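Here is a note for a colleague who is meeting this structure for the first time. The points are numbered so that each can be checked against the view below.

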Amino acid sequence: MSQVWLIGRPVAHSLSPAMHNAAFAKLGLPHRYDTKETADDQLAATLDRMRRDDAVLGANVTIPHKEAVLRLLDDVDDEARRIGAVNTIVSRGSRLVGYNTDIYGFERALEAISVGFPFANNRILILGAGGAARACALSLLAHGNEVEIANRDPVRAEALARSMEVDGRRPRVVAWPKGSEPGDAVVNATPLGLKGEEALEDVQLPRWVIDLVPTAEETPLVKRAKATDNVTVVDGLSMLLHQAARSFELWTGVPAPIEVMRAALPRDV
Ligand code: NDP
């Protein structure tokens, strides 16, 4: 029996084990996906265990280790390096190789909504300046959009904007949009919503609302967007599904049974 780990903290609430274990079972693969609650000071030792243990195929990496893990890997794929974060590790002999499947998941989730992907020539506000915000900004800039970044810590937003240029375009840093009107779309790339908070309180919703937070219950932002006329919603569970499918393919080398993975989620997306 081979193993795939989910390395992060906290990971007990994760929806990933159900998806991956359903997919392994469907394809008759002798693998098991398990959570590994990992504190900051345990990260290097956890990766060393992966290197030494032939039964470990790879891992997903989640908050708070997606950026810190980069310097502990033997090799990192170009896209993960551009994003500055790794969410998937593949074990190749004693070498650990890092990937990031968030852009793939984000783009497939957008494609799945009726308006289709790519958006182009839109003004899109991203809330957050972490790894997920970075992945979304790179993708949206590459598809010809104007990207704005608002972050709780504006210094981090400035650093993200300075470090990124796609076809001559950079994100623009803006203030947190309380009381304002975002442009054509908003992407919530913060954890706001996990504990029942509304990420865009007091803000009129734009045409597209993309909430990355993957929760068993709809977030307050997704609920409000679904109840508002002429607003199209992309739910974090959809991105979770597609980024997971890509990770599955990296570990196993076979196409992911996406409908089996979708059925393992707690709601329809
Ligand atoms: P990071 O830890 O790298 O970044 C978190 C960001 O959220 C930072 O910009 C941080 O701001 C901001 N933030 C945290 N808490 C608050 C708060 N209380 N109020 C306002 N802003 C806050 O995380 P990631 O970028 O990896 O992930 C961000 C979100 O996206 C998470 O909810 C994650 O679950 C989700 N995600 C979903 C995926 C999916 O497949 N659906 C894939 C990847 C991520 P500051 O800089 O000020 O600390």
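1. Which residues in H1 are buried? They are Ser16, Pro17, Met19, His20, Asn21, Ala23 and Phe24, where buried means under 20% relative accessible area, exposed over 50%, and partly exposed in between (1.4 Å probe, protein chains only). The cover over these buried residues of H1 includes E1, strand E2 (31-37), E3, H8 and helix H9 (258-263). Helices (H or I, at least four residues) and strands (E, at least two) are DSSP runs, numbered from the N terminus.

2. A word on the basis of this note: the model is predicted, so that local features need pLDDT of at least 70 and side-chain atom pairs count only at pLDDT 80 or more, while totals for chains, interfaces and linings use all residues. Residues are numbered from 1 along each chain as its sequence is written, and side-chain values use heavy atoms, with hydrogens and water left out.

3. Helix H1 (residues 16-26) packs with helix H8 (residues 236-252) at an angle of about 50°, and their axes are 11 Å apart; axes are lines fitted to C-alpha atoms, for helices over the stretch in contact, and angles run from 0 to 180 degrees between N-to-C directions. H1 and H8 are therefore oblique to each other, given that angles under 35 degrees count as roughly parallel, over 145 as roughly antiparallel, 65 to 115 as roughly perpendicular and the rest as oblique. The crossing of H1 and H8 is right-handed, which is the term used when the near helix is turned clockwise from the far one by less than a right angle, anticlockwise being left-handed.

4. From H1, the residues Ser16, Met19, His20, Ala23 and Phe24 meet Leu240, Leu241, Ala244, Phe248, Trp251 and Thr252 in H8, contact being heavy atoms within 4.5 Å. Sorted by class, the contact of H1 with H8 has 8 nonpolar, 3 polar and no charged residues; here Ala, Val, Leu, Ile, Met, Phe, Trp, Tyr, Cys and Pro count as nonpolar, Asp, Glu, Lys and Arg as charged, and the others, Gly among them, as polar. An α-helix has 3.6 residues a turn, so residues three or four places apart point the same way.

5. Ala244, whose place is in helix H8, counts as buried at 1% relative accessibility. Leaving aside neighbours within four places in sequence, Ala244 is in contact with Met19, His20 and Met261. The C-alpha atoms of Ala244 and Thr101 are separated by 7.7 Å, although the two residues are 143 residues apart along the chain.

6. Where does Thr101 lie? Thr101 is in the loop between strand E6 (95-99) and helix H4 (102-111), and with a relative accessible area of 2% it is buried. Not counting residues up to four places away in sequence, Thr101 touches Asn87, Thr88, Gln243, Arg246, Ser247 and Leu250. A polar atom of the Thr101 side chain lies 3.0 Å from the backbone oxygen of Gln243, and the Thr101 side chain also makes a polar contact with the side chain of Ser247 (3.4 Å). A polar contact is a pair of N or O atoms within 3.5 Å; within protein, one must be able to donate a hydrogen and the other to accept it, and residues adjacent in sequence count only if both atoms are side-chain atoms.

7. Asn87 lies in the loop between helix H3 (78-83) and strand E5 (88-92) and is buried, with a relative accessible area of 3%. The Asn87 side chain makes a polar contact with the side chain of Asp102 (3.1 Å), and a polar contact of 3.3 Å joins the side chains of Asn87 and Gln243.

8. Some backbone details deserve a second look. Most residues other than glycine have a negative phi, and most peptide bonds are trans. The peptide bond from Arg9 to Pro10 is cis, with omega near 0°, and Pro10 lies in the loop between strand E1 (2-8) and H1. The bond from Ile63 to Pro64 is likewise a cis peptide bond, with omega near 10°, and Pro64 is found in the loop between strand E3 (56-61) and strand E4 (75-76).

9. Asp167, in the loop between helix H6 (154-163) and strand E9 (172-173), has a positive phi of about 50° although it is not a glycine, and Asp167 is exposed, with a relative accessible area of 61%.
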